[in-house]
Amino acid sequence: MKNSKAHAAVLAANLIFGINFSVVQYITKKMVGPFGLNVIRVGVSSILLWILLFFSSTKAGIKKEHIGRFILCAFTGIFVNQMLFIKGLSMTLSIHASLLILVTPIFITMVAAWLGTEPATFTKVAGLVIGISGAVLLALQKEHSGNASDILWGDIFVIINGISYAFYFVLVKPLMKAYNPVHVIRWVFTFGLLFTLPFGWNQFAAIPWSEFQVADIAAVSFIVLGATFCTYLFNLYGIHHLGAGITGTYIYTQPIFAAIIAVIFLGERFTPFKVLAALLIVAGVLLVNRKSTAPLDT
């Protein structure tokens, strides 16, 4: 199969993401606060990305005129995005969070239309309404399975995380054309760490490292090395060999992996109501991504 390694890498990235939903819930409810966990994620990933620099021919610096955009990307793509994702996931259910992540492509199209980089069409607006309706239905559902502390606010945080990532996705595109993609992520994580440290330091300092068991160390290692560092590289590899479109379609596997893990290990339920919400979200994404030549203002 052509590009089989790239397909395997992207599938592995989404499998890791799917498992990560339950692993984050496990560790944030036991040993590490969500903001403290993010300090570890962003800090370790930044160090590893700078270590990779020694194995490439890329120069370390960036142009002065791009610093502002890098800072915006770090704020939207690392600070707000990652902080609210971990916080929201620690409060809601894994299945909810994995389904709400599917709304992200809708937000990307909405932000691109708002910034004028893509036209707004009737089809895209319809997709936006349908997809958001599915997300709202999911967030308003009252449920007592699993170990969620506040499903509504957790879902809201995950949705805001998706909106923030949409801004990042649009803002980072010019940088990806000007620099090596790994170098872009290296600097985005570095600037992101500067935002993350002040908000997560207290929780990080309070981590009871001496009480960690093997399972706790494995969980944190999986989140940092697997679901943060490796998945970014796997997806970049997939985009390089398969294109953004094909790589993006693999996001639909995340709820499947997440649901299987959450049902087995966290006692969550995949109800018919969630299926309806998922269908609305997927239908919205498909409409948003459907090619149309009729702009909204014609």
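**Entry 1: a caution.** I am working from a predicted model.

**Entry 2: the salt bridge.** I looked for salt bridges and found one in the structure. The side chains of Asp216 and Lys30 meet there, at 3.2 Å from N to O. Asp216 belongs to helix H9 (residues 214-242), while Lys30 is in the loop between helix H1 (4-28) and helix H2 (34-52), so the pair ties together parts that are 186 residues apart in sequence. Asp216 is buried, with a relative accessible area of 0%. Lys30 is partly exposed, at 45%.

**Entry 3: H5.** How many of the eleven residues of H5 are buried? I get eight, so H5 is largely enclosed by the rest of the structure. The buried ones are Thr104, Pro105, Ile106, Phe107, Ile108, Thr109, Val111 and Ala112. I then asked what they pack against, and the list is H4, H6, helix H7 (151-178) and H12. Just after H5, I noted that Gly116 takes a positive phi of about 85°.

**Entry 4: Ala120.** I followed the chain on to Ala120, which is in the loop between helix H5 (104-114) and helix H6 (122-140). Ala120 is partly exposed, with a relative accessible area of 30%. I also took its distance to Thr109, one of the buried residues of H5. Ala120 and Thr109 are eleven residues apart in sequence and 8.4 Å apart in space, C-alpha to C-alpha.

**Entry 5: H6.** H6 has 19 residues, and I get 27 Å from its first C-alpha to its last, close to the 27 Å expected at 1.5 Å a residue. Its buried residues are Thr123, Lys124, Gly127, Gly131, Gly134, Ala135, Leu138 and Ala139. Looking down the axis of H6, I find these within an arc of 135°, so they line one face of the helix. A reminder to myself: an α-helix has 3.6 residues a turn, so residues three or four places apart point the same way. The cover over the buried residues of H6 includes H4, H5, H7 and H12.

**Entry 6: H12.** H12 has 17 residues and reaches 24 Å from first C-alpha to last, close to the 24 Å expected at 1.5 Å a residue. Buried in H12 are Lys274, Ala277, Ala278, Ile281, Gly284, Val285 and Val288. Down the axis of H12, the buried residues fall within an arc of 125°, so they too line one face of their helix. Which exposed residues are carried on the face turned away from the buried side of H12? I wrote down Pro272, Leu279 and Leu286. On the buried side, the cover includes helix H4 (94-100), H5 and H6.

**Entry 7: Lys274.** A lysine on the list of buried residues in H12 made me look again. Is Lys274 buried or exposed by its relative accessibility? The value is 0%, so Lys274 counts as buried, the cut-off being under 20%. I then took its distance to Gly134, which is on the buried list of H6. Lys274 and Gly134 are 140 residues apart in sequence, yet 8.9 Å apart in space, C-alpha to C-alpha.

**Entry 8: a nonpolar patch.** Which helices each supply at least two residues of the patch? Helix H11 (254-265) and helix H12 (272-288) do. H11 gives the largest share, five residues. Ile256 is in H11.

**Entry 9: Leu242.** Last, I looked at Leu242, which is in helix H9. Its relative accessibility is 14%, so Leu242 counts as buried. What is Leu242 in contact with, leaving aside its neighbours within four places in sequence? I get Asn3, Ala6, His7, Val10 and Thr247. I took one distance as well: Leu242 and Leu280 are 38 residues apart in sequence and 27 Å apart in space, C-alpha to C-alpha.

Technical notes: Residues numbered from 1 in each chain as written. Predicted model: local features only at pLDDT ≥ 70, side-chain atom pairs only at ≥ 80, totals over all residues. Heavy atoms only, no water. Helix = DSSP H or I, 4+ residues; strand = E, 2+ residues; numbered from the N terminus. Buried < 20%, exposed > 50% of the residue type's maximum accessible area, 1.4 Å probe, protein only. Expected span 1.5 Å × (residues − 1). Arc of directions from axis to C-beta. Contact = heavy atoms within 4.5 Å. Salt bridge = Lys/Arg side-chain N within 4 Å of Asp/Glu carboxyl O.
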